[in-house]
Amino acid sequence: MDKNVDISLTVNGEKITKRVEARTNLVDFLRYEIGLTGSHVGCEHGVCGACTIRVDGRIVRGCLMAAAQADGADVWTIEGVTETGEIRALQDAFVERNALQCGFCTPGMLLTIAELMERKPDASRDEIREYISGNYCRCTGYQAIVDAVEMTRGTMGKMGASAGRKGASA
Amino acid sequence: MKPAPFGYARAATLDDVFSLLAEHGDDAKILAGGQSLMATLNMRLSEPEILIDINRIDGLAGIEDTGDTIRIGAMTRHVDVEESDLVATHAPMIAAAMEHIAHPAIRNLGTFGGSIAFADPAAELPACAVALEATMHVAGKDGTRDITATDFFKGLYETALGEGEILTAVSVPKIAAGWKSGFMELARRHGDYAIIGLCAHLQFDGAKFSDTRLVFFNAGDRPVSAPQTAALLNGQSWSDALSEKLSASLKEELDPPDDLNADGPMRKHLAGVLVKRTLAPLAGA
């Protein structure tokens with residue numbers, strides 16, 4: 001049986017065609033085949049959130065999706081949304097509030113929070129905590145992260161439309 | 001860890017699925033949302049020869065109003081159930097359960113039917129399906145059949161799905177006038193599997209309970225109904241004395257397992273706590 005699959009997808013706006021092993025997950029594909037190492041690999045079973053990636057406008061666990069499933073998909077990583085400036089205010093707030101130390105969880109945190117700000121721009125602190133409950137931070141703790149999100153709350157929602165969003169109403 | 005090598009086939013139709021299942025049998029796994037499957041593959045708890053991806057099959061996703069029921073396609077993503085007005089209006093128990101299913105990134109890809117067919121006894125949706133007396137729609141190469149939710153769950157990760165069959169949709173009866181639904185679970189961290197959870201579906205005659213269904217999850221090897229305790233509610237209004245009676249009854253009726261999160265006696269105690277916290281507000285107490 002052929003254990004390889006041909007896939008064609010868009011990553012950060014760029015068209016890519018590759019042959020991948022069927023068992024390659026999306027985050028390993030992005031890191032090792034495309035060289036986009038901003039998405040991190042932590043637990044590899046969907047618990048830690050470090051591998052969070054945006055696929056067709058929604059965040060997913062990069063370790064729980066086969067690259068083969070991303071055929072035809074519109075994929076955005078932390079590199080792409082940084083370049084478009086979509087989450088600039090949030091990134092600035094993270095720096096200002098010391099919302100990261102080692103930075104391992106940060107790409108996943110940022111993509112998760114960007115989705116929250118699009119779905120619920122006025123989220124309360126409790127709602128922010130709930131939304132990032134699937135993203136582990138093992139050094140800063142969550143207080144500073146929630147502070148940073150609060151700083152940008154209400155200003156992020158409109159920015160989301162620029163990069164690979166299907167639109168909140170879809 | 002990385003999964004062992006496997007093949008991958010993208011099914012375009014249900015007939016593709018049936019012929020692939022006939023060819024590969026137990027060596028094949030169905031890939032729906034993959035949010036449980038991919039984790040077990042990564043941990044090498046499962047090493048199938050081939051994954052049959054059913055994500056591209058038309059007609060398996062979507063939520064429709066069929067009159068008396070809401071029909072939820074097996075491939076409907078959790079997030080779409082969570083955001084559905086139809087579900088919020090006609091199946092408030094399921095609407096309340098959705099935010100407890102893992103985390104947003106997992107709900108974006110995970111599917112309603114996948115969660116049901118996987119039959120994890122700690123999962124929310126199988127218990128909701130039993131409490132609401134949902135009907136499972138199943139298809140195989142010889143045709144389709146319907147299975148009641150109670151008959152569907154056979155044990156730990158075990159269902160009534162036969163060889164070569166897959167779940168295509170679930171029909172949930174609309175909540176009727178005079179009925180109320182409650183959903184609550186206790187977990188150490190939001191999004192984790194519950195230590196124990198409760199789906200309650202109740203009919204009221206004025207302030208009195210007249211028909212009650214209590215179904216617990218993570219209380220056994222499948223969704224666990226507590227009909228004896230539920231029967232104690234009939235004809236009663238809520239009171240502290242009734243609450244104590246229910247707790248005592250649950251300790252007799254339930255036999256939950258021990259695990260790292262809680263032992264059986266603690267789960268029995270928490271079952272009573274859940275009943276009190278869920279039913280008292282529904283009864284207006």
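**Close-up views of a predicted model**

**View 1. Two domains of chain A.** In this predicted model, the domain assignment divides chain A into domain 1 (4-81) and domain 2 (85-158). The centres of the two domains, taken over C-alpha atoms, are 21 Å apart. Domain 1 of chain A contributes 12 residues to the contact, and domain 2 of chain A contributes 14 residues. On the domain 1 side, β3 (52-55) and α2 (78-84) of chain A each provide at least two of the residues that touch domain 2. By class, this side of domain 1 consists of 6 nonpolar, 5 polar and 1 charged residues.

**View 2. Helix α3 of chain A and its surroundings.** Helix α3 of chain A covers residues 88-96, and its buried residues are A:L90, A:Q91, A:A93 and A:F94. Viewed down the axis of α3(A), these buried residues fall within an arc of 160 degrees, so they line one face of the helix. An α-helix has 3.6 residues a turn, so residues three or four places apart point the same way. Exposed residues A:V95 and A:E96 sit on the face of α3(A) turned away from the buried side. Just after α3(A) comes A:N98, which has a positive phi of about 55 degrees.

**View 3. The contact between chain A and chain B.** In this contact, 28 residues of chain B meet 28 residues of chain A. Four elements of chain B, namely β1 (7-10), α2 (37-42), β3 (50-53) and α6 (104-107), each supply at least two residues of the side that touches chain A. The residues on this side of chain B comprise 15 nonpolar, 9 polar and 4 charged.

**View 4. The hairpin of β4 and β5 in chain B.** Strands β4 (residues 63-65) and β5 (residues 69-73) of chain B run antiparallel and are joined by 3 bridges. Opposite B:I63 stands B:I72 of β5(B). The hairpin has 3 residues between the strands, and B:G67 in this hairpin takes a positive phi near 110 degrees.

**View 5. Strand β5 of chain B beside β10.** β5(B) also pairs with strand β10 (residues 166-173) of chain B. This pairing is antiparallel and extends over 5 bridges. Within it, B:T69 has B:P173 of β10(B) as its bridge partner.

Technical notes
Residues are numbered from 1 along each chain as its sequence is written. Chains are lettered from A and ligands numbered from 1 in the order in which they are written. This is a predicted model: local features need pLDDT of at least 70, side-chain atom pairs count only at pLDDT 80 or more; totals for chains, interfaces and linings use all residues. A residue is buried if 20 or more other C-beta atoms lie within 10 Å of its own, exposed if 12 or fewer, and partly exposed in between; C-beta atoms are placed from the backbone. The arc is that of the directions from the helix axis to the C-beta atoms. Two residues are in contact if their C-beta atoms, placed from the backbone, lie within 7 Å. Ala, Val, Leu, Ile, Met, Phe, Trp, Tyr, Cys and Pro count as nonpolar, Asp, Glu, Lys and Arg as charged, and the others, Gly among them, as polar. Domain bounds come from an automatic or database domain assignment. Two strands pair if DSSP finds at least two bridges between them.
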